[in-house]
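Colleague: Thanks for making time for this one. Could you walk me through the model, one question at a time?

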Amino acid sequence: TVDRLLSFTNANKQRLKMQTGDSVCSDSTAMIMYITLLVLAEPFCSSELLREEKLKLIASDYYAGNARLDIENLNMIGDSTADTDPLKSPSSKPVNFISDCFFMTVHWMKASLTRQFDDYYEAMRVWGEMQRIDTDSLRANPILQARLEKDKAGLQGTMAYLRAFLEHDQTMFLRSLHFIQLMILFYRHNPDTRLPEFYVDCIVDFFVFMSRCTPNRWLQFDESYDCVVDFIVFLLSDHPGNCTNLNIYTRAKALDVMHGWLVKTENGAMPLVRLFNLTFKDSQSGEIKHLPKVLPSLLFHIYVDVEKTGSSRQFYEKFNIRFHISTILVMLLTDSSCTMYLSCIMRETGKEYFIKFQNLLLNDCTYLMDESLILLQKIHRVDYKIEHNNSTTPEQHHQNERQLISFMQLSNVNVQLLKLLITHNARVWVREEIV
């Protein structure tokens, strides 16, 4: 049975890529494979005690030896500089059922569940765009209006299916969560092991979905937060051996998770407050750490590092990432348990790096406020034309309004952050390097 599952997994390796061809299985078949493998994995990851025990039975050199999963042309983390053939080098451990089941589940999580997340986000985006269409302007074109109504109905059906499956299937959610925790433990206990790059992305994508779409589930978390908090902090850190040094977007996703903890749930509670009062145990060193003391310095560094994301849209992408950073920092700096550490945190960040952070924060505040004023002038001119010349440009008008809201949100949180930092220590803001 396992051999057949492996063969089917290898035959559908194309589903691991962004674009898939016609030769791969359907989305529903992929989800059935994922759920089947979750059921097979449940006995060794349903409790914390079992996860710790079975962790020893998962081959840490699975991809470095006689891996039975096809990894050709896949980007790997943990690749050594030695000239080794991953398919030919000897394995120090025999391949076992638990290893095969564990890594097949990871592959199908990427090939099915995370693709469903992307489909859900895209459906929500398209639905938002449809809601902004000026229906009054469509009344003169009944054919276009009928097509829009048909598209809306189809999209509503798709969203209802995805919402029922992703948000309300409690059994699938819990099984996935327990498996994710096993993935984290395996990765943190084997930091130098060779793994596909999507291994880390699967973990973060799952938590991003929780934070964006089902924040209430953070409050239903029935086990210690240590595992999750330790992993997120690890992704945000920038040290040798951390695969995410090469990918700022993985670190940005970790920020997205933390930003999601700020969202108020239906009962008015904010999961982040509970998390930020935590001390958590470093899974490698065993050291007990206080999150408000560890996190700000990491956020200062990422704020600087994200200046160049390496993509063609880096100028705008950095603002999205910095919005999350600034929001989290504002939350931290309004907490007394963090402000008592702030002077120490500034020293640990390093004078050169903190000066870079200060300059970038000031530049962002100035740029965003200037752009907001320009957009306000544009909106005013369009409103004047509509009122006096009966000339309407609704799409451009809506675009300016959306951009203005985005810039003002980021500008407000940046100014709020600037005020908190200056209130704590004004002297560091009047240095020669800043003035």
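**Rings, pocket and cavities**

Modeller: Happy to, and keep in mind that this is a predicted model.

Colleague: Which parts does the pair of tyrosine 187 and phenylalanine 234 tie together?

Modeller: The structure holds 25 aromatic pairs. In this one the rings are edge-to-face, at 6.0 Å centre to centre with 70° between the planes. Tyrosine 187 and phenylalanine 234 are both buried. Tyrosine 187 belongs to α6 (residues 170–189) and phenylalanine 234 to α9 (residues 226–236), so the pair joins parts 47 residues apart in sequence, namely helices α6 and α9.

Colleague: Now the largest pocket: which helix gives the most to its lining?

Modeller: The largest pocket has a volume of about 2200 Å³. Of its 49 lining residues, the closest to the centre are Asp118, Tyr121, Arg212, Lys253 and Asp256. Helices α4 (97–131), α7 (198–213), α10 (248–260), α13 (314–333) and α17 (394–424) each supply at least two lining residues. With 12 residues, the one that gives the most is α4.

Colleague: How many charged residues are in that pocket's lining?

Modeller: By class, the lining of the largest pocket has 18 nonpolar and 11 polar residues. The charged ones number 20.

Colleague: Back to α4: where does this helix bend?

Modeller: α4 has 35 residues and spans 50 Å from first C-alpha to last, close to the expected 51 Å. Even so, there is a bend of about 40° in α4, and the residue is methionine 109.

Colleague: What is the volume of the largest cavity?

Modeller: There are two cavities of 30 Å³ or more. The lining of the largest cavity includes Leu113, Phe117 and Arg217, and it divides into eight nonpolar residues, one polar and one charged. The volume of this largest cavity is about 70 Å³.

Colleague: And which helix gives the most to the lining of the second largest cavity?

Modeller: The second largest cavity has a volume of about 50 Å³. Among its lining residues are Asn10, His107 and Trp108. Helices α1 (2–11) and α4 each supply at least two residues there; the one giving the most, with three residues, is α4.

Conventions: Residues numbered from 1 in each chain as written. Predicted model: local features only at pLDDT ≥ 70, side-chain atom pairs only at ≥ 80, totals over all residues. Heavy atoms only, no water. 1 Å grid on protein atoms, 1.4 Å probe; cavity = no way out; pocket = protein on both sides within 12 Å on 5 of 7 lines; lining within 4 Å. Points joined across faces, edges and corners; volume = space filled by probe spheres on them. Helix = DSSP H or I, 4+ residues; strand = E, 2+ residues; numbered from the N terminus. Nonpolar A, V, L, I, M, F, W, Y, C, P; charged D, E, K, R; others polar. Expected span 1.5 Å × (residues − 1). Bend = angle between axes of the 7 residues up to and from the residue. Phe/Tyr/Trp six-rings, centres within 6.5 Å; stacked < 30°, edge-to-face > 60°. Buried < 20%, exposed > 50% of the residue type's maximum accessible area, 1.4 Å probe, protein only.
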